[in-house]
Each structure stands twice: as C-alpha cells, then as structure tokens.
2 protein chains.
Amino acid sequence: MGAAPPPGEFEIIALFTRALPIGGRGVVVGPGDDAAVLRPAPGEDLVATVDAVVEGVHFDARSTPADVGWKALAVNLSDLAAMGARPLAALVALGLPPDPPLATLRGLARGLGACAREHGLPVVGGNVTRSPALSVTVTALGAVPEGRAVLRSGARPGDLVAVTGTLGDAALGLAPGAPAALARRQRRPTPRVRAGLALAGLVRAAVDVSDGFVQDLGHLCRASGVGALVAAADLPLSPAYRRAARRLPDPWAPALAGGEDYELVVAFAPARLHAVQAAAARARTPLTVVGRFVRGGAIRVLGPDGEPVAVPPGHDHLRAGGSRASDRAGARLGSGRRAR
Amino acid sequence: MGAAPPPGEFEIIALFTRALPIGGRGVVVGPGDDAAVLRPAPGEDLVATVDAVVEGVHFDARSTPADVGWKALAVNLSDLAAMGARPLAALVALGLPPDPPLATLRGLARGLGACAREHGLPVVGGNVTRSPALSVTVTALGAVPEGRAVLRSGARPGDLVAVTGTLGDAALGLAPGAPAALARRQRRPTPRVRAGLALAGLVRAAVDVSDGFVQDLGHLCRASGVGALVAAADLPLSPAYRRAARRLPDPWAPALAGGEDYELVVAFAPARLHAVQAAAARARTPLTVVGRFVRGGAIRVLGPDGEPVAVPPGHDHLRAGGSRASDRAGARLGSGRRAR
C-alpha cells in the first residue's frame, strides 16, 4: 500500500479546526475571518502572552506530536495562571516542514485539543506556514478583574515564599530511561490555572517556574526589589524525585535549577497563610511554604544544617548548545530587564 | 579588528525593549512580567490575529532585516484594518538562528519599531527562542466598539465591490530589478488601518488582500454567500504597474492574483457610495469601485470589451516550492473552510 499524499493547506486547516474547541462564552467570532473577535466581561483587563516550542530546541524525537501540542498550550496557560487570569482564548501559529505526515498533524491537533478542552480554552485563530523545523507558537489571552492582575513586583520583605506542586520532576524526566512519572511531568506539564485563580486575591506576587525555581524566584525578587531565603529541606519533592535524586551528586540541583516545572511561586503576608492554604486546597493544588522574602536582592538557599547550598547558574537560552528541552522557555521580551 | 561576540539572551531582550514602543494608553503592564495586561475601553470587543514570516519562505536575502521587521507587523495590522479595529497592542515571538549578527537584530528591531510607531502600536510582550531559520511571529490585538467588527460575511447581492490603493504592485515588486516604487510595496506594505477605521460603520464586509485580490474576494464571497462581477478595466493600477505590465503576457495577472497588496476589499450598499468615498478621502486613502456583488458563488472578471478574463489559480501555501515571498500569508486557521 502506498502512503497517502501529504495533506495540503486546506486539509490541514480543516483538520485543526475540527480537532480543536473553537467557540464558547466570550468568543464572538472564531476562526475563519481576518481576525477573531472576543468579548471579555465588563470590567475585566486583558492578559496576553506568547511562547514558542521549536523542534530540535524545545523537543526531540522522544516527544510525540501530541505531547508537543499539549505542551505548547500548557506553557502559555502557565503564564496566565501566574497572572491570576482566567483563560479566554488562544491563537496557534504552526510552522510545518514540507509535506508533514498526516500522523504528525493529527497528533499535534490531538494534544492541542486535549489541553484546550481540559482548561476550557477555545482556539479562535491561527496561522499555518512552511518552516524548516516544526514549531508551534501560541498566544494565550486571559482576563482578570480590572487592576487585579497578579504581578511579579508585589512581594515585600517578610512575605512568605510558597510553591505549588513539586519541583524538579520535569528536569529529571529528561534523562533517558526516566521513570514514567517524571517523564510525564516533562512532556505533559499541568498549568496551575485553578490555583492561580484561587490565589489571585490573596497573594502579592507570583511567577511560574519555567526557567528553574531559583531563576524564576530571582525574576520575582528583582521586580519586587527584595531578596529571599529558601530552606532546601522544605522544597516539595515527589517520591519519584527522591528516588531518582539518590544517584545524583547534587540532589537539590534539579529542584533548584531544573526548569519546566510550571508550578507557581507566590508571595504573601504571613497573616494570610491559612487563607492561602485553604484556597490552594479548594483548587486541589498542593502548596508548600519554602522560605521568606528578605531585604536586599540576594537569594540564599540553606541546607538542613543551615549551610549554604550552591545553585547551578542560570541559563542563556540562545547561547546554550544542544537541544536541552528545558530551553523551551525561551526568553520573554523585556523580562530580562533588571529592575534593581 | 575582531568582530564583537554575538549578543546573548539578555542583550537581545534589552535591544528590542529599547527599540520598540512598549507603553501607552490601554497598556496596564508592558513587557517584563509573565504576561502583558491591557485595558480596552469599556464597551469594546477585542480583535486578535496572528501571522508569521519565515526566512526562505516569506523573505529572502533581498529583504533587509528592517524590511522583515516592518512587514511582520504590517501584515498583522492589515488584518486589524480589515476588521475595522483600532490597534491596541502586539506581541512578537522571534525565532533566531544561533549567534545572530548584531546588525540583523538591530535591523529587525528598527523595522518593527518604525511600523509600530507609525501606527501607535505598543509591543507589550514577546518571546525569543533559537530556531533553524529566522522567523517573526506577530500577534496583533485591536479593539472595536462592541458588536461592530467588520466581518467577511456581510456582503449582499447588489452591494458594490471597492478596493483601496492600487493592486499588483507588490507582486511586480518581487521581480529582480523591479522599479523602486514596486519593490517598496513588496518590502514595506502600508496596512490600511486609518481606512479600516474610517469605513467601519459604512461597509457591510471587508477582507484584506494578502493572497491575491480574486482569492481574497473569494473568501469574502464564500463567507457572505454571494458571487461577484469585476471589471478589469476599473482595477486601480499604479503608474509603475502600468509601465511594468506592458512587458507581461497577461497584464492583469499581478493585479488579480499577485498577493501581498495589503489593500482592503470592501462591500457596501450603492446608496452609501458618497459616504464611503468621503470617509476614504478623510483617511487619505484612494478607493475605487471595481464591481458588484451578485447572487451565486462565482467570481467573474470581465475585460474592457466584456470578454471574460482568466484568473491564475489560487495558491497552496504549503505545497508550493521555492521561496515566493507572496507565500507569506500562510493560511489562517479555519479561513479555508468553504462556507458554500
């Protein structure tokens, strides 16, 4: 049996339009016009973010097309979650190598569709173009009550540092032969949308963990003009992480610097602790206090006996060679400005 | 003198953040947080579109980096114009090959910045990632009074077909040694934002010319459930086009099917003709009536003596080989659905 001819432009568009949720509350005009038309609720601000995943840079042959589709949406939803926004809609720009196999397209559409449906996110527009490598660039739009977006800049000395879920699993999931639980955290991250919404009125600042816990905490600290003191022994680690980390020379490294956890790091006043814990519980999201914000700009991580723990250096997404999947985060335009 | 080392992630982000307008009315939070925060005016709908330009597909060595930056924004502004939307903000996702030359980055930023400033469009966020080919994916956000977006679907039989500016210049501008006026239309298209706003309350439907006049008119016809009758002799052609077309076997072809004009095709009731002409004049945008919408789904183009004019076939952006710059339009997700 000969292979079917690769699908053309119109078949590809039809395939994605069928596979993705394209309408819903707030969608006035979905795909098919010059642009989509959306209607946030009265009194809402709009939240907008864009992120790309590129073959050979952010994923390799071990990720299925469905994984790639899922992750491309999930990493953007994670940014909305960090702003405390409810997801409104997404636009998906696909770069496709010549004659993409139908199975690849179907897988991409399935993964995008699964993540979109899981989070009630209509895909209201997009673009398909040829490209030397497969890429998926997603713009996610969300909404927050006017003036209520959770920024990176609100933390104050004395506030607690807390993090959702567990850290470091995604980084360990990159290793060949990684346990399924860790590999899944790498390939199918769970954006903390519910937790972001539940915590929005209670926390003073938030950031999502894409580059690595300490690096992203550093973004928050710089934006807020504070430092932080973190207790390594309090870092939330999964059972699979603890087992895998026994073999590592530096067992804290993946949790501190690994990246791609897509957990939320939040800052809040100690008096809010119980309210924050209750909100996280209502969102069915584990939340662990791991430290405290302090004056000054430094982040210090202390081990179980109070000794300083070294943190592997941050990562330059463009200079690094290879195809470390944790490069996916790219670099947000402007996010590198050092506020201090 | 040795060349300076290529800039790293943070230098690149800083370079773009400095070169681009990043704030303004409606921007609550610009670049530097997990996402941007925007505030459309009360009672406005949000309009959203995404489009990508990729090296080797949508531009080649004849385009300067500044041209590429300009065009990446302009093609998205053209979509906003076709919806009658005022530009609100853009997000820019850059795919950069390893170690991009500083001159390339500066040129890109200059072109993006020039187009953004020309149209009062803040760039509120973005992403930088490695990629095998240079690519610029832009999401443009606009606003329209609630329920007032100009769609493709409003044309009725009897409505007039009109088009802004001139057609075919961009296609002719692709030829090696093309006159400067034509090459400029190809490399630095002018999105018809002012005209789109001025015409918004007067026209029943609009589409922008990215794929080619007849093909885009066809999108509008299918969405509206009408056909069209176009008089080739009435097509607005520039003096440079008329000179260049003397040497062509089919002098209408670039105007009918060339693509990348980024003019607007609009539909309106004949009774509105004077109001439409006055609005276009106020927007300092030439507007020419070229035909009429009719019942049925066919588009017929008639020559000066009433003879049918053949229209070159439409274009499959993915199957076509080579690097025709007019492939840039890609294919909008869902826009290929045939409504009839």
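A residue counts as buried when its relative accessible area is under 20%. This cut-off will be needed at several stops of the tour. The model on display is a predicted one.

**Stop 1: E260 and K71 in chain A**

Select E260(A) to begin. Its relative accessible area is 1%, so E260(A) is buried. The side chains of K71(A) and E260(A) form a salt bridge, with a distance of 3.0 Å from N to O. Which parts of chain A does this pair tie together? K71(A) belongs to helix α2, whereas E260(A) sits in the loop between α9 (253-257) and β10 (264-268), so the bridge connects parts that lie 189 residues apart in sequence.

**Stop 2: D67 and R188 in chain A**

Next, select D67(A) and R188(A). Here, too, two side chains meet in a salt bridge, with 2.8 Å from N to O. The pair links distant parts of the chain: D67(A) is found in helix α2 (residues 65-82) and R188(A) in the loop between α5 (180-187) and α6 (193-199), 121 residues apart. Is D67(A) buried or exposed? With a relative accessibility of 5%, D67(A) counts as buried.

**Stop 3: D169 and R185 in chain B**

Move to chain B and select R185(B) together with D169(B). A salt bridge joins these residues, and their closest N and O atoms are 2.9 Å apart. R185(B) lies in helix α5 (residues 180-187) of chain B and D169(B) in helix α4 (residues 169-172) of chain B, so the bridge ties together parts 16 residues apart in sequence. Both R185(B) and D169(B) are buried.

Return to chain A and select D169(A), R185(A), R192(A) and E263(A). Salt bridges with shared partners join these four residues into one network. Over all chains, a search of the whole structure finds 24 salt bridges.

**Stop 4: helices α1 and α3 in chain A**

Display residues 9-19 of chain A, which form helix α1, and residues 102-118 of chain A, which form helix α3. Two packed helices are described by the angle between their axes and the distance between the axes. In this case the angle is about 30° and the axes are 9 Å apart. Angles under 35 degrees count as roughly parallel, and α1(A) and α3(A) are therefore roughly parallel to each other. The crossing of α1(A) past α3(A) is right-handed.

To see the contact itself, show the side chains. From α1(A), the residues I12(A), L15(A), F16(A) and A19(A) take part; they meet residues of α3(A) including L102(A), L105(A), L108(A), G113(A) and R117(A). How many residues of this contact are nonpolar, polar and charged? The contact of α1(A) with α3(A) comprises nine nonpolar residues, one polar and two charged.

**Stop 5: L105 in chain A**

Now select L105(A), which has its place in helix α3 of chain A. Its relative accessibility is 0%, so L105(A) counts as buried. Apart from neighbours within four places in sequence, L105(A) is in contact with P7(A), I12(A), L15(A), F16(A), L96(A) and P100(A). As an exercise with the distance tool, select V57(A), 48 residues away along the chain: the C-alpha atoms of L105(A) and V57(A) are separated by 19 Å.

**Stop 6: helices α1 and α3 in chain B**

Finally, display helix α1 (residues 9-19) and helix α3 (residues 102-118) of chain B. These helices pack at an angle of about 30°, with 9 Å between their axes. α1(B) and α3(B) are therefore roughly parallel to each other, and α1(B) passes α3(B) in a right-handed crossing.

Key: Residues are numbered from 1 along each chain as its sequence is written. Chains are lettered from A and ligands numbered from 1 in the order in which they are written. This is a predicted model: local features need pLDDT of at least 70, side-chain atom pairs count only at pLDDT 80 or more; totals for chains, interfaces and linings use all residues. Side-chain values use heavy atoms; hydrogens and water are left out. Axes are lines fitted to C-alpha atoms, for helices over the stretch in contact, and angles run from 0 to 180 degrees between N-to-C directions. Helices (H or I, at least four residues) and strands (E, at least two) are DSSP runs, numbered from the N terminus. Angles under 35 degrees count as roughly parallel, over 145 as roughly antiparallel, 65 to 115 as roughly perpendicular and the rest as oblique. A crossing is left-handed if the near helix is turned anticlockwise from the far one by less than a right angle, and right-handed if clockwise. Contact means heavy atoms within 4.5 Å. Ala, Val, Leu, Ile, Met, Phe, Trp, Tyr, Cys and Pro count as nonpolar, Asp, Glu, Lys and Arg as charged, and the others, Gly among them, as polar. Buried means under 20% relative accessible area, exposed over 50%, partly exposed in between (1.4 Å probe, protein chains only).
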